[in-house]
Amino acid sequence: MHLDTRRILGLIVATTFSLSAYADDYFWPNADYDPGIPALKEVVGHGSGERITWHRDTVRYFDALAAAAPDRIRIFRYAETWEGRELIYAVITSPENMQRIDEIKANMARLKDPRSTSKAEAEEIIASQPAVTWLSYGVHGNEISSTDAAIKTAYHLLASRGDERVADILSNTVVIIDPMQNPDGRDRFIHRFETASGLQPSPHRISAEHNEPWPNGRTNHYLFDMNRDWFIMTQPETQGRIRILQEWYPVAFVDAHEMGSDSSYYFSPEALPFNPHLAKDQTESLELFGRTNAYWFDQFGLDYYTREDYDAFYPGYGASWPSYFGGIAMTYEQASARGLVVRQYDGNEMTYRFTVRNHFITSLGTAQTVAENRGKLLQDFYQYQLTAIEEGSSERIRSYIIPAQNDQSGANKMAGLLVQQGVEVSRATSTFNACGKSYTAGSYVIDLAQPAKRFIRTMLDADVPLDADYLAEQERRRAKKIPDTIYDVTAWSLPLMMNVQTDVCNRSVSANLVAAGSGLIQPGSVSGGDGTVAYLVPWGSTAATRLLSGALQRGLKAKSSDLAFTHSGERYPAGTAIFDVADNGDDLRATLRELAHSTGADVNAVDDSWVTDGPNFGSNNVVNFNRPNVAIFWDEPTSQYSAGNTRFVIERQFDYPVTAIRTATIAEGDLGRFHVLIMPASSGDYAAVLGEKGLAKLKDWVARGGVLIGIGNANRYLADPAIDLLAIRREDAVVEHDEDGASGDEAAADDEEPPQTVAGRYLESAEDFQKLIIAEKGPPDSVAGVLAQANVDPDHWLGAGVASSLNVLVRGPDIYTPIRMDKGVNVALFPAADELLASGYMWEQNRKQLAFKPFVVAQPSGKGFVIGFTHDPTVRAYLDGLNVIFMNAILRGAAHARPVR
């Protein structure tokens with residue numbers, strides 16, 4: 001550390017810390033603040049850590065800071081939540097830097113591209129360029145301390161007259177504070193907390209103020225964990241954040257969180273495994289920040305830990321995504337008070353003020369580290385871009401090509417997502433050849449000789465491998481039934497998740513190319529003039545499904561063929577939507593043209609109904625769509641993630657309304673007005689909440705023509721023999737047996753008392769011991785998250801227009817038996833064990849047991865259907881490749897049911 005810093009630290013050590021609960025000295029020893037800068041209490045009525053600050057008060061306070069010190073702080077609005085709350089960020093730096101803030105941003109953009117900025121020019125920029133530090137707080141709304149720490153950090157940087165680091169920080173850095181990433185979730189938490197509060201804050205975890213009702217404040221309005229939304233960008237909060245980060249390009253990014261109340265504090269370096277596409281100096285620089293934070297924690301007598309729990313493998317965290325444009329991204333975790341005070345396991349009562357202070361300390365420590373290592377971090381940032389281009393020019397994958405394809409809407413969306421995240425994507429304007437293949441106009445080309453190369457490989461490679469030694473350790477732990485340390489999914493390839501064909505090429509592509517745009521939907525069109533008989537919408541794409549959704553809501557009448565057919569020489573896939581002119585009004589063409597433009601679907605007008613192959617438009621293999629009323633189970637015991645993600649996909653990706661029904665009201669409520677009812681994955685017990693009356697209501701509703709759709713582990717309820725809404729059963733793990741068929745102690749029959757003693761045996765090897773201690777019965781080991789292939793039955797109406805092979809995110813332990821032919825149809829089935837794994841790391845036993853087991857089953861029941869998706873098709877709203885089969889279950893399921901109309 002610099003000499004000045006050591007002098008400051010010496011003063012701190014010599015100081016007797018005043019830990020008065022209400023003094024500024026609690027946060028910083030011998031604090032001396034400029035009275036011209038308003039403290040939090042002057043603006044909102046409470047001091048730092050005394051209460052949990054609402055969103056409106058946070059915004060009000062930052063605006064007050066900007067009014068008091070406009071030469072050192074500016075406030076920017078960058079997004080708005082679903083519930084209408086604005087997201088802000090603050091830029092804090094010296095007056096001299098603030099006067100040239102646009103130049104500073106432009107210089108970071110110049111360092112971002114070595115193709116237009118030479119090394120000499122880069123060195124000249126680095127010599128005088130402040131580095132950007134980004135401090136981001138509260139992506140999980142119930143992780144409350146970080147926002148109040150953001151407030152205290154901003155105040156300290158503007159008002160402190162005793163902390164000599166501040167001048168260095170303001171001179172050598174631009175500090176950006178995003179004080180509240182999830183306003184909707186935070187205000188939800190505070191409302192429930194204050195509603196449950198009494199005369200004094202309760203430290204007892206059983207108290208109402210420490211137990212959030214469903215849904216808790218962690219998630220945003222659509223109940224998304226936005227710390228998993230970074231690369232898929234489904235939420236407006238994330239979209240705004242991605243945009244502004246690419247205006248500033250911070251060299252250091254911190255995502256401040258909270259963890260379990262019995263922990264201490266976590267900061268970098270991160271845990272293993274690291275993503276192999278990160279640069280070596282990025283992982284090494286983590287220690288710079290860790291050592292600074294550790295020093296300050298030592299001075300305050302605080303516990304902390306590093307290198308455990310929170311890894312840097314998955315690229316969708318806030319503490320990972322910024323790494324892929326060259327910064328250092330980190331997560332900081334503070335044990336949570338989840339209120340104003342909580343009693344820890346050892347009897348210590350941890351206050352909210354304590355948790356705020358700890359995040360405040362590391363926030364300043366991070367800014368200090370950037371200030372002291374400004375030149376190195378800027379040089380590393382530039383070097384990251386340089387080496388990325390060099391690697392992209394020389395590695396085996398030189399280019400990615402996204403051909404024009406049947407589901408062009410999926411290809412367009414994937415290309416747009418990449419462009420929005422700083423990837424240079426080109427679109428071919430004419431036919432070209434590359435690596436032995438021919439590609440048509442409209443194909444996308446991604447040259448890897450660009451600064452975003454590492455991000456491209458991370459997102460488009462079919463598999464990003466985990467370190468072999470790390471995997472060996474996980475297998476060792478699993479063998480002893482010690483939980484693995486895999487923190488999140490091990491597979492996330494965009495082409496696989498979106499089911500978009502993507503080719504690799506080992507050379508640069510020569511073609512007529514133009515820069516691709518950032519739009520996710522490219523307008524569709526109506527071809528064939530004014531159809532006198534019908535308009536046909538080929539099925540099999542998200543765009544076509546969006547168009548049908550919009551058409552039904554506008555009152556258009558449509559039908560759909562269960563089988564493929566040929567009309568005027570063109571082959572139309574099963575599921576194709578048919579809009580008869582005779583059944584619709586004069587504005588049919590205009591309405592379809594408008595819908596095609598907004599949804600990206602293509603529509604063909606036809607002047608006759610004659611087909612040369614397949615069913616005619618009036619065949620029994622053609623069903624009429626109704627406009628189904630769709631409802632979803634809401635509240636306990638549903639998983640808030642599954643419920644929210646599913647509702648979001650239907651409402652925001654397909655613009656179709658969904659009614660949320662609290663699960664506890666199902667037994668007494670009137671389901672007769674609904675055609676489709678979706679049961680999300682569960683975090684509790686459906687049987688306990690629904691009871692016998694609820695079960696009877698569901699069975700009667702399905703028998704009368706309802707379509708019940710089970711998502712993920714909701715099928716545990718549907719497939720329970722005592723419930724028997726689905727004729728599949730959840731499997732126990734396959735137990736390895738001895739050659740004589742024995743495994744462990746001989747079990748007594750169900751109707752026998754267990755023996756008091758068992759026969760003795762010799763154990764001749766460690767293998768004999770392992771076989772003896774294996775549980776006789778239990779679920780398979782839980783899978784962290786892999787992408788597995790599933791093959792689709794094209795003969796069932798649920799598979800109409802669906803790709804022959806899908807990629808499913810398999811998580812958890814659940815594996816189900818296939819449904820018998822006399823009960824229903826296995827519409828999508830996992831293939832053989834050596835074929836099913838598409839990406840990620842899966843335990844061998846799970847892979848073998850999952851083979852030939854169902855992903856989707858459909859069971860007729862009376863006039864309705866029960867449909868089970870054994871793994872969640874809407875998880876995180878990023879499995880676009882499953883959208884068609886999922887919406888088939890809703891729209892085509894309702895069309896195939898036969899309720900009394």
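In what order do the 6 strands of the open sheet stand? The order is E19-E25-E20-E24-E21-E26, and the pairing is mixed.

## Basis of the description

This is a predicted model, in which local features need pLDDT of at least 70 and side-chain atom pairs count only at pLDDT 80 or more, while totals for chains, interfaces and linings use all residues. Residues are numbered from 1 along each chain as its sequence is written, and side-chain values use heavy atoms, with hydrogens and water left out.

## The chain as a whole

The protein chain contains 25 helices and 36 strands; helices (H or I, at least four residues) and strands (E, at least two) are DSSP runs, numbered from the N terminus. Its C-alpha atoms fill a box of roughly 85 × 80 × 60 Å along the principal axes. A compact globule of 901 residues would have a radius of gyration near 29 Å, and the 30 Å of the protein chain agrees with this. The radius is taken over C-alpha atoms, and the globule rule is 2.2 Å times the number of residues to the power 0.38.

Of the 901 residues, 59% count as buried. Buried means under 20% relative accessible area (1.4 Å probe, protein chains only), exposed means over 50%, and partly exposed lies in between. Among contacts (heavy atoms within 4.5 Å) with a separation of 6 or more, 79% come from residues 24 or more positions apart.

## The open sheet

Strands of a sheet pair through backbone hydrogen bonds, either parallel or antiparallel. Here two strands pair if DSSP finds at least two bridges between them. Strand E19 (526–527) and strand E26 (622–624) stand at the edges with a single partner strand each, so one side of each is left without a neighbour in the sheet.

Strand E24 (residues 577–580) pairs with strand E21 (residues 559–561) in the antiparallel sense over 2 bridges, and Lys559 has Ile578 as its bridge partner in E24. E20 and E24 also run antiparallel, joined by 4 bridges; there, Tyr535 is partnered by Phe579 of E24. Both faces of E24 are covered, with Ala577 and Phe579 buried on one side and Ile578 and Asp580 buried on the other.

Helix H18 (residues 542–553) lies across strand E20 (534–537), E24 and strand E25 (603–606), and runs at about 35° to E24. For such angles, axes are lines fitted to C-alpha atoms, for helices over the stretch in contact, and angles run from 0 to 180 degrees between N-to-C directions.

Ser409 lies in helix H14 (residues 408–420) and is buried, with a relative accessible area of 13%. Not counting residues up to four places away in sequence, Ser409 touches Leu520, Ser541, Thr542 and Ala543. Its side chain reaches the backbone nitrogen of Ala543 at 3.4 Å and makes a polar contact with the side chain of Asp407 at 2.6 Å. A polar contact is a pair of N or O atoms within 3.5 Å; within protein, one must be able to donate a hydrogen and the other to accept it, and residues adjacent in sequence count only if both atoms are side-chain atoms.

## Helices H3 and H9

The buried residues of H3 include His55, Tyr61 and Phe62, and the buried residues of this helix pack against elements including strand E1 (73–80), helix H7 (145–159) and H9.

Asp184 lies in helix H9 (residues 183–196) and is buried, with a relative accessible area of 1%. The side chains of Asp184 and Thr81 are joined by a polar contact of 2.8 Å.
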